Amino acid sequence: MSNHREDYSYLEQFSTKQLEGLLRADMDAANESNPELLLHILEVIEEREKNVSGALPDVGQAWEEFQTYYNIPEGDGLSLYPCGQFDERMEQQEEHPSKPFRPIRLHRILRMASMAAAIAVLALAFLISAQAAGFDILSLLGCWTSDIFRFAPDSSTAVQGDINLDYYHSMQATLDKLGIEEELIPTWYPEGYEFLGLADWDNLSTGGIGWNFNRGNEFFSITILLFQSTVDVDSYSVEKEQVDVEVYESNSNKIYIFSNDSSTTATWSVGTMVEIVTGDLSVDETKAIIDSIGG
Amino acid sequence: MLPEQERLIENLYVKNFKKFIRYAEVFSGDPSISQDIVQDTFHEAIKHIDILMVHENPDGWLMNVLKNKIRENRRRDTRYARHILSTNLEALTAPDYIDALNEKLSRPNIVELIEKIKDALKPDEYRFFSRFVFDKASHLVVAKEFGITVYASQKRLERIRKKLHDQFPDYVPK
């Protein structure tokens, strides 16, 4: 695997089908993404398929074909598949040849949603496997954190924000169209964030819907993964990492909260759905968002 | 090209070709067209070798080029399918596309349109055109069949498209 500043090892948690779904989601997104993410996804797939005969073409033969049929004098200055947008971008690149394409928001959204989806699957996989095996779920989680329960935070520590009814109605309308009756939409989020709208994650193999919020260089998302039935945990061979996870109860749900220095992810299951709140939020802010559901 | 430029192109090719083919196949589902687009991406690299020689991330540059070519090709295919067949075949892979196509081709209004297209084109023009639109063949495959270069194939296809668009602007996009 190539060495790059950012750690892309989380991609290995996804199946090949899910990685292809990420590639499709990226293609359909309105904004440009970081090509490094795409290259790393492809490296993971290539590594998995390198021993599968016929899976990938012969590079030597392709190079000969390139020299014989494509890299010929008649093709000077020509493109078989021209793309107008690329031409405009190329003019900008030619003015500033040393500046690569800058990664923008979609890369982080994609990465966070991908991580959120992976974490959600991990959490759900443990729920199901624990129930099936008759294990005490609290014992299973015991090795992650000593803080098993934490009740709703003191409201005085939470940041107060405006309730934008438009965002709520927009999100609820989407759920209504899908026939989802459960209360899933928060009625509160931190001050200063702007509702960006719906992101369609339907290209992921599990299917899902998501909404993004932005405040300057910060953002968070709310995602609902839609499963057809109980997840086949065998298809997700996730290596267990030593991460700190907090189990938090809210509205009769067990919320699994993962955090590091800069971001927090919370996930929980509701029937055959998994909801994820992830982004540049403190743990208290995340809990306040979750506690406001149905409020 | 200078020797160091040729070395750069070849190194980028060996390093990225398989990844790029795999990427293209996610969207086209057809190995021949995938190879066409990927080969054209590396040809694009030669056109812009001066940029690549000083670029901080030539792999990323190529990835963006490939992505844009695939996107543009999908848009074009969708426009043609939507116009000619009145259907949205955007998300279909090759096998599903053929099934949907065969189903559509049996409808009377489509049969009539195809007959009009046949009448408007010379026999070899129609055969050439149908290889791309109905069979989703690549430029390389068609070029070998007709004994021409891939660039001659592209130019010929563009001429036929323009001819049909001039006669049937409502049914055949540019």
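**Ground rules.** I worked from a predicted model in which local features need pLDDT of at least 70 and side-chain atom pairs count only at pLDDT 80 or more, while totals for chains, interfaces and linings use all residues; side-chain values use heavy atoms, with hydrogens and water left out. Residues are numbered from 1 along each chain as its sequence is written, and chains are lettered from A in the order in which they are written.

**Chain A by itself.** I counted eight helices and seven strands in chain A; these are DSSP runs, with helices (H or I) of at least four residues and strands (E) of at least two, numbered from the N terminus. Chain A has 295 residues, and 49% of them count as buried, meaning under 20% relative accessible area with a 1.4 Å probe, protein chains only. I then looked up contacts, defined as heavy atoms within 4.5 Å. Among those in chain A between residues at least 6 apart in sequence, 61% join residues at least 24 apart.

**The interface.** I found 50 residues of chain A in contact with 55 residues of chain B. The size of an interface is often given as the accessible area lost when the parts come together. For chain A and chain B the buried area (accessible area lost, 1.4 Å probe, summed over both) is about 5,400 Å², and carbon and sulfur atoms give 62% of it. Of the area that chain A buries against chain B, Met27(A), Tyr70(A) and Tyr81(A) supply 16%, more than any other three residues.

**Charged pairs.** Five salt bridges cross the interface of chain A and chain B, the rule being a side-chain nitrogen of Lys or Arg within 4 Å of a carboxyl oxygen of Asp or Glu. I looked up the one between Arg22(B) and Glu20(A), where the closest N and O atoms are 2.7 Å apart.

**Helices on the A side.** I noted that H1 (16–28), H2 (35–49), H3 (59–70) and H4 (84–95) of chain A each supply at least two residues of the side that touches chain B. H2(A) gives the most, with nine residues.

**One residue of chain B.** Where is Asn16(B) found? I located Asn16(B) in helix H1 of chain B, residues 3–28. Asn16(B) counts as buried because its relative accessibility is 1%. Leaving aside neighbours within four places in sequence, I listed Leu39(A), Phe42(B), Asp59(B) and Leu62(B) as the residues in contact with Asn16(B).

Note on methods: Buried area is the accessible area (1.4 Å probe) that two parts lose on being put together, summed over both. Buried means under 20% relative accessible area, exposed over 50%, partly exposed in between (1.4 Å probe, protein chains only).
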